[in-house]
Amino acid sequence: TLLWFGCGPGTKSSSSDEFTRLMNVGKNSLEKGDAAKAIESFAKAVALDPANPDVRLNLANACLLAGQSENALQHAQEVLNMNPNEPAAHYVIGCANLRLSQFEPAVQALQTAKSFDRSVNAVSFQLGRAFQGWGRFDDALREFEEVVQWETNHPAAFYTLSQVLIRLGRT
């Protein structure tokens, strides 16, 4: 009877081993760009340990990579329900909202992510894109200028900076 309920000897260890295996498969799949396989692995890992915020965040990232912005929002929000101070979850929410052209919530989430660590250029770049989409070009300009100041070899930041400067009539 104990084994049936998962309390017998060795059950926790094998469950833990399977969780680790699924996490590794998911991470390797993400690195290879195979979002579908990553989602499958992380979803199975969530079933084994639903209270683990790391696996949920990995699942949110995989959904974002797969173009499943709504699912990415849901899983990242679950992470924030467990830990409201998780900057990566705020970042995923910002990126997902940006992909959905929901610029105001994207800006809010990305500003929150940036408040944890101002030195992460990826956050500043996405924040600039969200401001640009929202039509707040002066704010976008500030973000893109910050990115190119710290990362001098970022072609996308230089391109979007030039587009914002043109939009502001500062060519």
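Cys95 is buried, with a relative accessible area of 8%; buried means under 20% relative accessible area, exposed over 50% and partly exposed in between, with a 1.4 Å probe and protein chains only. Select Cys63 next, which is also buried, at a relative accessible area of 2%. The structure holds zero disulfides, a disulfide being a pair of cysteine sulfur atoms within 2.5 Å.

This is a predicted model, in which local features need pLDDT of at least 70 and side-chain atom pairs count only at pLDDT 80 or more, while totals for chains, interfaces and linings use all residues. Residues are numbered from 1 along each chain as its sequence is written, and side-chain values use heavy atoms, leaving out hydrogens and water.

Now select Phe42, Val55 and Val92. These residues have the most contacts inside the largest nonpolar core, which has 26 residues. A nonpolar core is a set of buried Ala, Val, Leu, Ile, Met, Phe, Trp, Tyr and Cys residues joined through side-chain atoms within 4.5 Å. At least two residues of this core come from each of helices H1 (11-31), H2 (35-48), H3 (53-65), H4 (69-82) and H5 (87-99); helices (H or I, at least four residues) are DSSP runs, numbered from the N terminus. H3 supplies the largest share, seven residues.

Centre the view on Phe42. Leaving aside residues up to four places away in sequence, Phe42 touches Met23, Gly26, Lys27, Leu30, Val55, Asn58, Leu59 and Ala62, where contact means heavy atoms within 4.5 Å.

Finally, select Phe125, Ala140, Val148 and Val164, which are among the 17 residues of another core, lying apart from the largest one.
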